[in-house]
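Subject: Handover of a structure and its salt bridges

Dear colleague,

Please find below the structure that I am handing over to you.

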Amino acid sequence: MRIELQTNSIDKTNLTNSLESQVVKTDNTLNQQPIQINEQLEKSIDKLKKAVDSINEFFEINHSELKFVFHEGLEEYFVQLVNSDTEEIVREIPSKKLLDVYYEMQKLIGMIVDEKI
């Protein structure tokens, strides 16, 4: 799997709104005027692009790829690092066995306590 960054998918309105909500303190008063929002937004997008590129380079060099796997019991995703050549699972984050144990413990607790407080 190659990680792709599409700048179209970045919600620029949310980023702009969050940057606008930042306040600057001058002369003991708070001004809510945005300071160079477009520059900060572009810098954030550039940093994100660089991070994605470096991650992709790292995985290409090591002949590995990431897979996002859905754990049906917990209804959450976990990550598997897989060797591209042999399809062998190198590492799981968090471990599937650990997630299975956690799911089984939740089921047992549900048998004892049937209501959340």
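Is Lys-96 buried, exposed or partly exposed? Lys-96 is partly exposed, with a relative accessible area of 34%. In this scheme, buried means under 20% relative accessible area, exposed means over 50%, and partly exposed lies in between, with a 1.4 Å probe and protein chains only.

Please note that this is a predicted model, in which local features need pLDDT of at least 70 and side-chain atom pairs count only at pLDDT 80 or more, while totals for chains, interfaces and linings use all residues. Residues are numbered from 1 along each chain as its sequence is written, and side-chain values use heavy atoms, with hydrogens and water left out.

Salt bridges

Side chains of opposite charge can pair when their charged atoms come close. A search of the whole structure finds three salt bridges, a salt bridge being a side-chain nitrogen of Lys or Arg within 4 Å of a carboxyl oxygen of Asp or Glu.

Lys-96 forms one of them with Asp-100, at 3.3 Å from N to O. Both residues belong to helix H3 (residues 96–112) and stand four residues apart, about one turn of the helix. Helices (H or I, at least four residues) and strands (E, at least two) are DSSP runs, numbered from the N terminus. Asp-100 is partly exposed, at 28% relative accessible area.

Helix H3 also holds Lys-107 and Glu-104, three residues apart, about one turn of the helix. Their side chains meet in a salt bridge of 3.4 Å, N to O. Lys-107 is partly exposed at 39%, and Glu-104 is partly exposed at 40%.

A further salt bridge joins the side chains of Lys-67 and Glu-87 at 3.5 Å, N to O. This pair links distant parts of the chain, 20 residues apart: Lys-67 is in strand E3 (residues 64–71), and Glu-87 is in the loop between strand E4 (76–83) and strand E5 (89–93). Lys-67 counts as partly exposed at 31% relative accessibility, as does Glu-87 at 46%.

Gln-80 is placed in strand E4 and is buried, with a relative accessible area of 11%. Its contacts (heavy atoms within 4.5 Å) include Lys-67, Val-69 and Ile-89, not counting residues up to four places away in sequence. The side chains of Gln-80 and Glu-92 are joined by a polar contact of 2.9 Å. A polar contact is a pair of N or O atoms within 3.5 Å; within protein, one must be able to donate a hydrogen and the other to accept it, and residues adjacent in sequence count only if both atoms are side-chain atoms.

With kind regards
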